[in-house]
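Here's a quick briefing to read alongside the model. Have the viewer open as you go.

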Amino acid sequence: MSTIKRRPGRRPGSADTRGEILAAARKVFAEKGFDKATVRGIAREAQVDPALVHHYFATKEGMFAAAMQLPLSPDRVQAVLLDGPREEIGRRLVTMVLAVTQEPETREPLVALIRSAMTHEQARVMFQEFMTNALLYRVADQLGVPHLRVEAAFAQMFGVVMARHVLRLEPIASAGPEELVELIAPTIQRYLTV
């Protein structure tokens, strides 16, 4: 009796292929970290063709953002930072981070990932690899800014998010976004200006 070899792709009878790919992505990212996870490996775990993974998620970075329920994809962050006058990049970055963390539906997944990264080594490595390789270093290279400067800007904004939404330190936790933009944007701008 010969077995008929099925073409890879969407499995018959599955109504939620995208969800199954995301579940596979979460598993592979957790096991291997961001850098060592591959689209092919995720496709293999989900038992689909890699082309189908690319159909739902254009890039590995986009898949990571969706799998981890991040409120913004690296492409969107890069667009916000790089589209506009360079002398306003600090203001754009601070405004974007404050806007994303203002609403619970976008803040909560980000805070959950931060908390996980602080208490779980594998989550920390995955978050660190993603932030540096998929986002920070790409922005630094496009701006022609040393990686250290972009990491310093990230550390500043990370601290603001931690103080406002994890530690809930006052008065920063209840300060208005406009006040914080005026306070923090010049420092971020200095980091990103060579």
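What follows covers the overall fold, the cavity and one arginine.

This is a predicted model, where local features need pLDDT of at least 70, side-chain atom pairs count only at pLDDT 80 or more, and totals for chains, interfaces and linings use all residues. Residues are numbered from 1 along each chain as its sequence is written, and side-chain values use heavy atoms, leaving out hydrogens and water.

**Overall fold**
- The protein chain has ten helices and zero strands (DSSP runs: H or I of at least four residues for helices, E of at least two for strands).
- Its C-alpha atoms fill a box of roughly 75 × 35 × 30 Å along the principal axes.
- Of the 194 residues, 44% count as buried (under 20% relative accessible area with a 1.4 Å probe, protein chains only).

**The cavity**
- The count comes to one cavity of 30 Å³ or more (points on a 1 Å grid over the protein atoms alone where a 1.4 Å probe fits but cannot get out; lining residues have an atom within 4 Å of a point).
- The largest cavity holds about 520 Å³, a volume being the space filled by probe spheres set on the points, which are joined across faces, edges and corners.
- Its lining has 29 residues, with V77, V97, M131, L135 and F154 nearest the centre.
- Helix 8 gives the largest share of that lining, seven residues.

**R164**
- R164 sits in helix 9 (residues 147-166).
- R164 is buried without a salt bridge, and E179, the nearest side chain of opposite charge, is 7.7 Å away (a salt bridge needs a Lys or Arg side-chain nitrogen within 4 Å of an Asp or Glu carboxyl oxygen).

Definitions and conventions
Buried means under 20% relative accessible area, exposed over 50%, partly exposed in between (1.4 Å probe, protein chains only). Lys and Arg count as positive and Asp and Glu as negative; His and the chain ends are not counted. On a 1 Å grid over the protein atoms alone, a cavity is a set of points where a 1.4 Å probe fits but cannot get out, and a pocket is an open set with protein on both sides within 12 Å along at least five of seven lines; lining residues have an atom within 4 Å of a point.
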